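Dear colleague,

Please find below the structure that I am handing over to you. My notes on it follow directly after.

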Amino acid sequence: MDHYNNDTPNQMSRRQLAKLAAASALGLSLPIASASAQSASAETESTLARVRRTKKLRIAALVGEPPYFTRDPFTKEWSGASVEMAKDIAKILDVELEYVDSTYGNSVIQLQTGKVDLAMALTPTPQRALSIGFSHPTYLHPYGIVAQESVQASKWADLNKPEIRIAVDLGSTQEMAARRYAPLAQITAFATRDEVMLALQSKKVDCAVFAVLLGLTAVKKNPSIGKFSMLTDPIVGLTSNLAFAKESNTDWRDFLNVWVDYNRDLGQISGWILDSLKLSGIEASDIPSDVVF
């Protein structure tokens, strides 16, 4: 049998106000205030705290981007330099590694929307820095060209001619470098790197600008597109970094910076890069002598 409260509305209001006043005087937290505090706490949980609480590190995995990321089509296992870096970070944190399929462009959006905790092998640009954060540099990534033997070019000035046809992948740092140092050339930006390779193979262009790791991997995958060589005067290179979502708490950023500095100075990051190149059949002897990661 239910029991009904016979208080009138005015009496109920007066009693509720009296209870609120008493609780406030005693410094007690009411249930609604406690719920608000818990909600605010959940909203401000840092990335590092969430990763350690959930026991899961989600990384943006770049499909078809050796030597950083390679996925076996049969076993679905991931390998590559960035994968080894992510595994080491996950091991230190004692968490499970989760791969989220991505691209360079999508990884920035995934960080902003909380879909991933970490992106790898990204070059910082002023535009990207407006929306995401970056760690200290993992390594320097200089640029060169892939071209047939008939194309004699060792300096940027050799490319900066109206008759030279250059291929780049749209929106990449390769495109930025080419337009900066060879503005007189005929530069065509293709939507994908596969299209760049096809343009080289069909001889629709004379050469393509590549960052060294990508260029070496492309030539090993398809030798018919030419050979890779460094460009000098100047030697142009941008850094490769880890990327993460911006937040007021700096624990995640500080941890990643220490991790990067420690492994870079020990030579471990260079070791992971060289090992990943071997997966594509590239030996140390295939790397130009003037390349320093």
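This is a predicted model: local features need pLDDT of at least 70, side-chain atom pairs count only at pLDDT 80 or more; totals for chains, interfaces and linings use all residues.

Residues are numbered from 1 along each chain as its sequence is written, and side-chain values use heavy atoms, with hydrogens and water left out.

In helix α9 (residues 193-201), R193, V196, M197, A199 and L200 are buried (under 20% relative accessible area, with exposed meaning over 50%; 1.4 Å probe, protein chains only). Helices are DSSP runs of H or I with at least four residues, and strands are runs of E with at least two, numbered from the N terminus. Viewed down the axis of α9, the buried residues fall within an arc of 160° and so line one face of the helix; the arc is that of the directions from the helix axis to the C-beta atoms. D194 and L198, on the other side of α9, are exposed. Just after α9, K203 has a positive phi of about 60°.

Helix α4 (residues 81-93) packs against helix α12 (residues 268-279) at an angle of about 135°, with the axes 8 Å apart. Axes are lines fitted to C-alpha atoms, for helices over the stretch in contact, and angles run from 0 to 180 degrees between N-to-C directions. The contact (heavy atoms within 4.5 Å) is made by A81, E84, M85 and D88 of α4 and by I269, W272, I273 and S276 of α12.

Yours sincerely
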